[in-house]
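Please read it with the sequence and the model at hand.

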Amino acid sequence: DRAYGPDYFAGDEDNGEMGAWFVLSALGLFAPAPGASDEYVLAAPLFDRIVLAPVPGYRSRPLVITAHRPRQDVTDVAAVFLDGARLTHPTLRYHAIANGGALDFYMPGAAPHPPPRGDPPPSPPPPPLV
């Protein structure tokens, strides 16, 4: 007899967790213990290039996630670089993500050139959502 209220929304059995999981997974990030840990496990991003704009007053630069792969169906990750430095573990802490920079995933068969150190080049603004 009640469809909506502060504690109930018809059809919302997961409170958005599945949508949030998909977005993070598409970015190549997996939070194994949300709320209990600030660590993210890295996996192959769904897209070849993703730019997350900085939050005003928080991050100083965008986070540019790039998947270097020979073909779209290659999902194994051979190496990950953050701002040109190779990561030794397949994890990142939240502050490293929030600070922005260049996060490069290299899949087997991709050109083996590590990204240059320093800030990523500026990206053109995205097209309007009209």
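In which helix is the place of Phe22? Phe22 belongs to helix H1. The model discussed here is a predicted one, and the points below should be read accordingly.

1. Surface patch. Phe22 is partly exposed, because its relative accessible area is 46%. Together with Met18, Trp21, Val23, Phe30, Leu46 and Phe47, Phe22 forms a nonpolar patch on the surface, with about 710 Å² of accessible area in total. Helix H1, which spans residues 17-27, gives the largest share of this patch, namely 4 residues. As a general background, nonpolar side chains in soluble globular proteins tend to be buried together.

2. Open sheet. Three strands form an open, antiparallel sheet in the order E3-E4-E9. Strand E3 (29-30) and strand E9 (91-93) are at the edges with a single partner strand each, so one side of each has no neighbour in the sheet. E3 is joined to strand E4 (residues 39-42) by 2 bridges, and the two run antiparallel. Phe30, a member of the surface patch, has Val41 in E4 as its bridge partner.

3. Strand E10 and its partners. Strand E6 (residues 63-68) pairs with E10 in the parallel sense over 6 bridges; Val64 has Ala102 in E10 as its bridge partner. E7, by contrast, runs antiparallel to E10 and is joined to it by 4 bridges. Ala79 stands opposite Tyr106 of E10.

4. Aromatic pair. The structure holds 1 aromatic pair. Phe81 and Tyr106 form this pair in an edge-to-face arrangement, at 5.5 Å centre to centre and with 80° between the planes. The pair links distant parts of the chain, since Phe81 is in strand E7 (residues 79-82) and Tyr106 in strand E10 (residues 101-106), 25 residues apart. Both Phe81 and Tyr106 are buried.

5. Nonpolar core. The largest nonpolar core contains 19 residues, and Ile65, Leu92, Leu103 and Phe105 have the most contacts inside it. At least two residues of this core are supplied by each of E4, E6, E7, helix H2 (94-98) and E10. E6 provides the largest share, 3 residues.

6. Asp83. Phi of Asp83 is near 50°, a positive value in a residue other than glycine. Most residues other than glycine have a negative phi. Asp83 is located in the loop between E7 and strand E8 (85-86), and it counts as buried because its relative accessible area is 17%. Arg61 forms a salt bridge with Asp83, the closest N and O atoms being 2.6 Å apart. This pair links distant parts of the chain, with Arg61 in the loop between strand E5 (49-52) and E6, 22 residues from Asp83. Both Arg61 and Asp83 are buried.

7. Other salt bridges. In the whole structure, 5 salt bridges are found. One of them joins Asp38 and Arg93, with the closest N and O atoms 3.5 Å apart. Asp38 lies in the loop between E3 and E4 and Arg93 in strand E9, so the pair ties together parts 55 residues apart in sequence. Asp38 is partly exposed at 32% relative accessibility, and Arg93 is partly exposed at 39%. Another salt bridge is formed by Arg71 and Asp73, whose closest N and O atoms are 2.9 Å apart; Asp73 is exposed, with a relative accessible area of 55%. Salt bridges that share partners join Asp38, Glu39 and Arg93 into one network.

Key. Residues are numbered from 1 along each chain as its sequence is written. This is a predicted model: local features need pLDDT of at least 70, side-chain atom pairs count only at pLDDT 80 or more; totals for chains, interfaces and linings use all residues. Side-chain values use heavy atoms; hydrogens and water are left out. Patches are made of residues with over 30% relative accessible area and no salt bridge: like charges are joined within 9 Å, nonpolar side chains (Val, Leu, Ile, Met, Phe, Trp, Tyr) within 5 Å. Accessible areas come from the Shrake-Rupley method with a 1.4 Å probe; for residues, only the protein chains shown count as cover. A salt bridge is a side-chain nitrogen of Lys or Arg within 4 Å of a carboxyl oxygen of Asp or Glu. Buried means under 20% relative accessible area, exposed over 50%, partly exposed in between (1.4 Å probe, protein chains only). Rings of Phe, Tyr and Trp (its six-membered ring) pair if their centres lie within 6.5 Å; planes under 30 degrees apart count as stacked, over 60 as edge-to-face and the rest as tilted. Two strands pair if DSSP finds at least two bridges between them. A nonpolar core is a set of buried Ala, Val, Leu, Ile, Met, Phe, Trp, Tyr and Cys residues joined through side-chain atoms within 4.5 Å.
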